[in-house]
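This report covers a barrel, the strand pairing at one part of it, and the surroundings of a ligand. The sequence and structure come first.

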Amino acid sequence: MAANENTSKSLDVPLLVNQSHSCTSEKALNENTWVKLICGASNQDLPSITDLCAVYAAAGVHCIDVAADLAVVNAARRGLDWVTSQVGTKPWLMVSISDGKDVHFRKAWFDPKHCPPGCPRPCEQTCPAQAIVKNTGILNNLCYGCGRCIPSCPHGLINEKDWYLKLHDFGPLIAELRPDALEIHTAPGRGQAFESILEEVLKAKVSFKRIAVSCGLEGHATNEDELTAELWQRHDCLKRHGQKPLWQLDGRPMSGDIGRGTSRIAINLWRKLHSKAPPGPLQLAGGTNSQTINHLEKDQRPNGIAFGGMARKLIQPYLLEAQARKISLREWPEGWSQALSQAENLIQPWLSKSSNPKIC
Ligand code: SF4
Ligand code: SF4
């Protein structure tokens with residue numbers, strides 16, 4: 001295990017959380033103050049995921065969205081549980097899946113039959129997820145593809161493999177992860193695939209607070225009217241299956257939120273769709289950053305916003321410094337306070353606004 005993983009130590013300083021931020025997730029959607037952290041891809045350090053989730057949960061986000069991977073979900077839960085133990089608030093944990101054909105995770109793999117007897121197993125000590133166990137090689141559900149074990153094997157036996165999820169994998173996966181909410185990335189023309197995957201995940205008998213539908217225009221060769229029709233198709237599907245929607249409008253595809261002009265792209269998509277979209281909260285994503293709120297008119301308020309790469313970038317120096325000190329950010333009071341302050345500066349303008357909701 002990494003030195004700073006799975007810690008539940010308390011800080012020596014107050015957590016410095018402004019309790020006026022706290023508001024339940026559903027209430028936040030109704031009051032247009034919803035903020036989500038998109039934690040990002042699965043191939044990140046687990047301790048960093050725990051710290052990142054802890055910082056933004058303490059700052060007051062209502063939901064944290066992570067990859068549908070057990071090791072990543074466990075790391076995020078450690079951060080959320082820690083914040084709950086400190087201040088009592090608990091954001092929803094959302095996991096993201098896709099109705100596309102290319103749903104896969106990169107995992108490490110080796111055949112233990114080829115390991116020489118007496119190997120001191122440096123691979124096992126290197127793995128931060130306890131995914132490498134004696135005799136059975138790598139546990140697929142715990143490996144999150146960080147790649148650390150690959151150079152640790154003196155015999156070069158460990159390789160990376162792409163593991164593609166099949167339709168019938170989604171039910172057991174969601175039953176194992178048991179998230180509060182689910183996000184399905186979809187695209188025009190994938191209505192049938194969306195319904196198939198929804199039916200599979202509902203077999204897990206998990207009660208979802210919301211099912212977010214993530215879709216945008218960029219990269220899909222479509223226009224706003226076609227996108228609107230697609231959203232209504234997903235609405236009818238969710239309604240048939242008794243699920244409450246949350247519409248995530250992706251101005252830019254994943255990781256598109258760093259760069260000039262990106263927040264205007266996200267807002268323009270919301271402006272085009274908000275009067276035509278189906279019932280349910282509309283949330284900005286994919287292109288959002290600290291400038292986004294400044295580009296909205298006073299009477300133009302989406303129900304919420306999601307921050308991804310920008311949120312991570314703000315905290316990254318503190319995560320790296322904590323790693324260099326071989327402690328968690330939660331064990332470094334000065335770094336924690338500064339990171340929390342950065343996170344609050346990003347999300348505070350969204351936590352305090354209010355306008356007429358458009359929610360069913
Ligand atoms: S890639 Fe290797 S070190 Fe990383 S989680 Fe998987 S088994 Fe563990
Ligand atoms: S270090 Fe290499 S040889 Fe040794 S147990 Fe791990 S995979 Fe097998």
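Predicted model: local features only at pLDDT ≥ 70, side-chain atom pairs only at ≥ 80, totals over all residues.

Leu-284 stands opposite Ile-305, a residue of strand β12. Strand β11 covers residues 282-285 and β12 covers residues 304-307; the two run parallel and are joined by two bridges.

| Residue | Opposite residue |
|---|---|
| Leu-284 | Ile-305 in β12 |

Are the faces of β11 covered or open? Both are covered. Leu-282 and Leu-284 are buried on one side of the strand, and Gln-283 and Ala-285 are buried on the other.

These strands belong to a closed barrel of eight strands with parallel pairing, in the order β1-β2-β3-β8-β9-β10-β11-β12. From one strand to the next, the twist averages 25 degrees.

The remaining topic is the ligand. How many residues surround ligand 1? There are 14, and the closest are Ala-108, Cys-127, Cys-143, Cys-146 and Cys-149. By residue class, the shell around ligand 1 holds 10 nonpolar residues, three polar and one charged.

Notes. Residues numbered from 1 in each chain as written. Chains lettered and ligands numbered in written order. Near = placed C-beta within 6 Å. Nonpolar A, V, L, I, M, F, W, Y, C, P; charged D, E, K, R; others polar. Pairing = 2+ DSSP bridges. Helix = DSSP H or I, 4+ residues; strand = E, 2+ residues; numbered from the N terminus. Axes fitted to C-alpha atoms, helices over the stretch in contact; angles between N-to-C directions. Buried ≥ 20, exposed ≤ 12 C-beta atoms within 10 Å, placed from the backbone.
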